[in-house]
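Work through the exercises below with the sequence and the model open. Each solution goes step by step.

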Amino acid sequence: MPSKPFFQLNPTALITIMLAFSLFFLFFSGFLQFPSSASPFFSYTIDPSTQSQPDPFTDLLGAFKKWDAKVGCPRFREKFGFLAGNVSGSGSLQTNGVDGGSIGCGEELKLKHVSVLVKGWTWIPDNMENLYYCRCGLSCLWTKSSVLADHADALLFETTTPPLQRRVGDPLRVYVDLEAGRKRSGREDIFVSYHAKDDVQATYAGALFHNNRNYHVSSWKKNDILVYWSSSRCLPERNDLAKRLLGLLPHHSFGKCLNNVGGLDMALTLYPECVKDQNSAPKWWDHLHCAMSHYKFVLAIENTMTESYVTEKLFYALDSGAVPIYFGAPNVWDFVPPNSIIDGSKFSSLEELASYVKALADDPVAYAEYHAWRRCGVLGNYGKARAVSLDTLPCRLCEAISRRGGRNA
């Protein structure tokens with residue numbers, strides 16, 4: 001009689017183990033991904049319990065009152081309460097040194113004062129020049145003046161390339177690239193990009209990307225024209241997508257691409273209250289927020305659709321009090337408030353998306369729920385996205401420089 005093996009599995013147990021191993025392999029190989037902690041746990045359908053007869057409303061404040069009566073913040077917080085605070089488990093946002101992140105103070109900071117000298121022309125706003133008092137007692141001078149920072153601890157480059165070599169005692173070289181490609185110069189000691197995997201992250205979620213604007217927000221929403229779109233960089237793929245979707249929806253298209261309002265700067269003709277300064281010529285950016293605020297929806301399509309590349313195109317729309325229709329980063333929900341945007345990629349067709357937008361435009365309660373995050377204080381990961389935005393870059397970069405020792409690195 002042959003001896004039995006020490007350990008023998010029945011067929012059912014064997015199949016279970018094989019399936020478990022397959023799932024384990026697929027997950028860690030990247031073929032299978034579970035939703036991130038900030039993903040929306042809802043479908044794009046209008047709640048029948050709050051739905052009424054079609055009401056093509058124009059008064060946003062009136063829509064808020066109807067939402068308060070039928071839904072209200074307690075019910076919204078119950079639905080999205082698990083996202084009420086900052087969510088940091090997705091890996092899309094850095095946490096070190098932000099709001100009590102894992103990096104503490106103590107001996108990790110080698111310098112108590114850091115000066116950063118910005119070299120050459122950059123996209124970074126001039127009004128970032130300041131002396132900052134940061135956490136852990138660190139002070140940070142951010143300036144373009146070689147007089148104020150005559151012995152800088154780091155030199156910052158964006159549109160120009162850092163020096164090929166850094167000698168002992170020279171400032172650290174910081175290189176910034178906030179474009180989709182995240183191309184390192186190959187000569188930097190610290191790399192700043194929009195992505196959490198790089199040395200220092202700077203998202204587009206902060207306020208510094210849209211200074212010097214007319215911030216008037218209209219409480220009146222157009223009902224005959226639903227969508228605002230503005231683009232002057234007519235990239236073929238983006239243009240084609242916009243053309244196909246906007247062909248299904250009443251819209252105003254400003255800018256050079258698909259313009260249907262009779263020319264550039266027509267927003268100021270339509271909305272004279274959006275003029276920022278009566279005594280100076282208008283610039284294309286200074287009335288964006290104000291003009292957007294008159295529309296229920298703003299179409300936001302990224303130049304490049306890649307992970308974590310969530311730009312001002314989306315955040316401008318959020319700040320203007322419109323609902324963004326978004327095409328871009330697949331992990332966009334790791335950067336925005338819950339129930340705040342319409343993710344175009346989640347619809348089976350543009351026709352289905354357009355039908356949803358039209359239905360939403362005629363339902364003041366369902367539409368108002370897209371603004372509930374702001375009114376009820378349920379920010380989700382948006383709070384963390386703002387905490388690692390350009391607004392806070394000076395202090396966070398100075399911390400990174402201090403931990404390396406600046407010139408002594």
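**Exercise 1.** Find which ring lies under the charged end of Lys296.

Solution. The charged end of Lys296 sits over the ring of Phe57, 3.7 Å from the ring centre. The criterion is NZ of Lys or CZ of Arg within 6 Å of the ring centre and within 35 degrees of the ring normal. The model is predicted: local features need pLDDT of at least 70, side-chain atom pairs count only at pLDDT 80 or more, and totals for chains, interfaces and linings use all residues. Residues are numbered from 1 along each chain as its sequence is written, and side-chain values use heavy atoms, leaving out hydrogens and water.

**Exercise 2.** Describe the geometry of the aromatic pair of Tyr44 and Tyr356, and locate both residues in the chain.

Solution. Rings of Phe, Tyr and Trp (its six-membered ring) pair if their centres lie within 6.5 Å; planes under 30 degrees apart are stacked, over 60 edge-to-face, and the rest tilted. A search of the whole structure gives 17 aromatic pairs. Tyr44 and Tyr356 are edge-to-face, at 5.6 Å centre to centre with 75 degrees between the planes. Tyr44 is in the loop between helix H1 (11-29) and helix H2 (60-70), and Tyr356 is in helix H8, 312 residues apart. Helices (H or I, at least four residues) and strands (E, at least two) are DSSP runs, numbered from the N terminus.

**Exercise 3.** Are Tyr44 and Tyr356 buried or exposed?

Solution. Buried means under 20% relative accessible area, exposed over 50%, partly exposed in between (1.4 Å probe, protein chains only). Both Tyr44 and Tyr356 are buried.
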